[in-house]
Amino acid sequence: MRRHAIAIKNEDNVATAICDIAAGEQAMVGVDDAIISIKATQAIDLGHKLAVRAIRKGDEILKYGTGIGRATQDIQAGEHVHVHNVESMRGRGDLA
Amino acid sequence: MKFMGYRRADGRVGTRNYVGVISTVVCANEVARGIAAQVKGAVAFSHQQGCCQTPPDLARVTKALIGLGSNPNLAAVLLVGLGCEGTDVDSVLKKIAATGKPVQIIGIQEEGGGAKTTAKGVLIAQQMAVEASRIKREECASSDLVLGLKCGSSDTTSGLSTNPALGVTVERLVKEGGTAIMGEVTEFIGAEHILAKQCKNEAVGRQVLALVDRMEQRVKATGVDMRGGQPTPGNIKGGLTTIEEKSLGAIAKAGKAIVQAVYEYGETPVVKGLVVMDSPGREPELLTGMAAAGANVIVFTTGRGAPQGFPFVPVIKITGNEKTWQHMNDHMDLSVHGVMDGDESLLQAGDRIYEKILETASGVDTKAEVSGYAQAMDIYVTGPVI
């Protein structure tokens with residue numbers, strides 16, 4: 001079956017779009033050999049991320065099985081995850 | 001898993017069986033190339049170093065030449081020198097000889113000029129080539145593989161498909177006892193703290209951080225800040241949110257394999273598994289460093305299409321960009337664009353890369369080899385030419 005987005009590792013809470021996904025579209029997300037269906041609540045462009053499950057403010061955004069940043073607000077499954085709701089953990093001197 | 005390789009006297013396994021004609025200094029390049037051009041089965045390694053450099057750099061050049069000559073893909077070595085070079089030629093000769101392979105040296109000033117040295121060298125290399133042709137491949141294990149990792153001319157597909165797929169391959173290889181060498185320290189910047197946690201222990205993690213800091217200091221000394229403006233506006237438009245995410249896209253080619261040790265440029269690993277080696281990102285220096293460290297196969301992921309290869313280590317080119325696969329097919333060995341199309345999982349793509357590595361190691365030629373685009377070579381030095 002054709003995938004629209006891939007989660008690199010099982011633990012990831014975001015998947016990255018491998019094609020443009022329209023708002024409202026049912027995105028087929030590949031996780032290892034499995035495929036799960038998540039409704040994109042916003043438009044997700046190729047290369048951008050959508051949440052595959054709910055993420056709370058302060059939670060780590062997991063991609064490649066590792067934290068790539070922290071959520072600056074609550075994020076629902078299917079929402080666009082990017083600079084408007086994520087901050088780099090490198091940007092905080094106390095977390096170097 | 002098995003492949004057919006050339007077992008050498010020092011126990012290491014080669015995937016190719018060349019006579020290496022290695023110049024010890026830039027001034028000997030023409031002769032080294034001239035000799036190799038006249039002998040089937042011989043390849044030349046030339047570079048721009050070996051003279052008018054600081055002692056640390058000369059030591060680095062010496063060490064790299066030892067590593068290159070010792071690489072198991074070379075059945076025999078002919079060193080070509082000038083006579084007055086800064087390279088410690090005695091050490092190079094002695095240490096390559098210690099691997100048990102035939103090694104000789106000729107010097108241009110001693111022989112009396114390029115023409116005479118080339119003629120003498122051709123005769124020596126011919127003999128070496130005949131003897132090398134007696135060696136046959138035998139069955140070897142994947143644990144005999146030393147895989148160099150490289151990514152170049154990356155695009156969106158690199159961090160999404162090609163590198164993570166290679167990460168699957170690397171995880172499998174190290175599980176089977178093989179070795180994978182990751183360099184390109186520049187790429188770690190932004191995610192080095194993450195990579196440091198993916199190490200065998202804290203001491204190794206600290207070495208990773210020290211490597212990155214050293215690279216950053218080298219650049220800072222020229223007045224440039226490597227972290228400023230990362231990710232770039234273009235990256236952000238393309239979907240990269242943080243510098244961690246960007247760097248992880250590069251580091252993804254090692255998967256979740258644990259870093260066992262950190263090595264200096266061109267140093268041969270004494271452990272199996274994933275290791276990190278100090279090196280910059282540019283092909284000539286990176287590929288040379290991998291070869292000097294003993295890599296017998298190199299996998300090079302690319303998005304937009306990078307054509308380079310190396311004279312005596314096969315460089316497998318992998319892309320996840322379908323356009324590149326078709327458009328620059330004369331340089332590409334394997335495509336994982338099925339992952340970008342949504343038709344293939346990363347696990348399946350990783351397995352296909354693994355099979356490609358085994359068949360290449362067993363003698364199947366890469367595009368870089370058959371196209372002759374296999375000349376990216378130079379030794380990484382950090383000091384000034386004086």
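This is a predicted model: local features need pLDDT of at least 70, side-chain atom pairs count only at pLDDT 80 or more; totals for chains, interfaces and linings use all residues.
**Figure 1. A right-handed crossing: that is how H1(B) and H5(B) meet.** Helix H1 covers residues 29-37 and helix H5 covers residues 114-132. Their axes sit 9 Å apart, and the packing angle comes to about 40°. Angles under 35 degrees would count as roughly parallel and 65 to 115 as roughly perpendicular, so H1(B) and H5(B) end up oblique to each other.

**Figure 2. Here are the residues that H1(B) and H5(B) use to touch.** On the H1(B) side, look for B:Glu30, B:Val31, B:Gly34 and B:Ile35. H5(B) answers with B:Gly114, B:Thr117, B:Thr118, B:Gly121, B:Val122 and B:Ala125. Sorted by class, this contact has 4 nonpolar residues, 5 polar ones and 1 charged one.

**Figure 3. Chain B comes in two domains, and this view shows where they touch.** Domain 1 runs over 18-132 and domain 2 over 142-371. Going by C-alpha atoms, the centres of these two domains of chain B are 29 Å apart. Contact between them involves 14 residues of domain 1 and 12 residues of domain 2. On the domain 1 side, strand E3 (18-23), strand E4 (42-45) and helix H2 (55-70) of chain B each bring at least two residues. H2(B) has the largest share, with 5 residues. That side of domain 1 is made of 8 nonpolar, 4 polar and 2 charged residues.

**Figure 4. Now for the place where chain A meets chain B.** Here 27 residues of chain A are in contact with 22 residues of chain B. Which strand gives the most to chain A's side? That would be strand E7 of chain A (residues 66-71), with 3 residues. By class, the chain A side splits into 9 nonpolar, 10 polar and 8 charged residues.

**Figure 5. The last stop is B:Lys272, in a loop of chain B.** To find B:Lys272, follow the loop between strand E10 (259-263) and strand E11 (273-277) of chain B. Is B:Lys272 buried or partly exposed? Its C-beta has 19 others within 10 Å, and being buried takes 20 or more, so B:Lys272 counts as partly exposed. Leaving aside residues up to four places away in sequence, B:Lys272 touches B:Ser143, B:Gly177, B:Gly178 and B:Thr179.

Methods. Residues are numbered from 1 along each chain as its sequence is written. Chains are lettered from A and ligands numbered from 1 in the order in which they are written. Axes are lines fitted to C-alpha atoms, for helices over the stretch in contact, and angles run from 0 to 180 degrees between N-to-C directions. Helices (H or I, at least four residues) and strands (E, at least two) are DSSP runs, numbered from the N terminus. Angles under 35 degrees count as roughly parallel, over 145 as roughly antiparallel, 65 to 115 as roughly perpendicular and the rest as oblique. A crossing is left-handed if the near helix is turned anticlockwise from the far one by less than a right angle, and right-handed if clockwise. Two residues are in contact if their C-beta atoms, placed from the backbone, lie within 7 Å. Ala, Val, Leu, Ile, Met, Phe, Trp, Tyr, Cys and Pro count as nonpolar, Asp, Glu, Lys and Arg as charged, and the others, Gly among them, as polar. Domain bounds come from an automatic or database domain assignment. A residue is buried if 20 or more other C-beta atoms lie within 10 Å of its own, exposed if 12 or fewer, and partly exposed in between; C-beta atoms are placed from the backbone.
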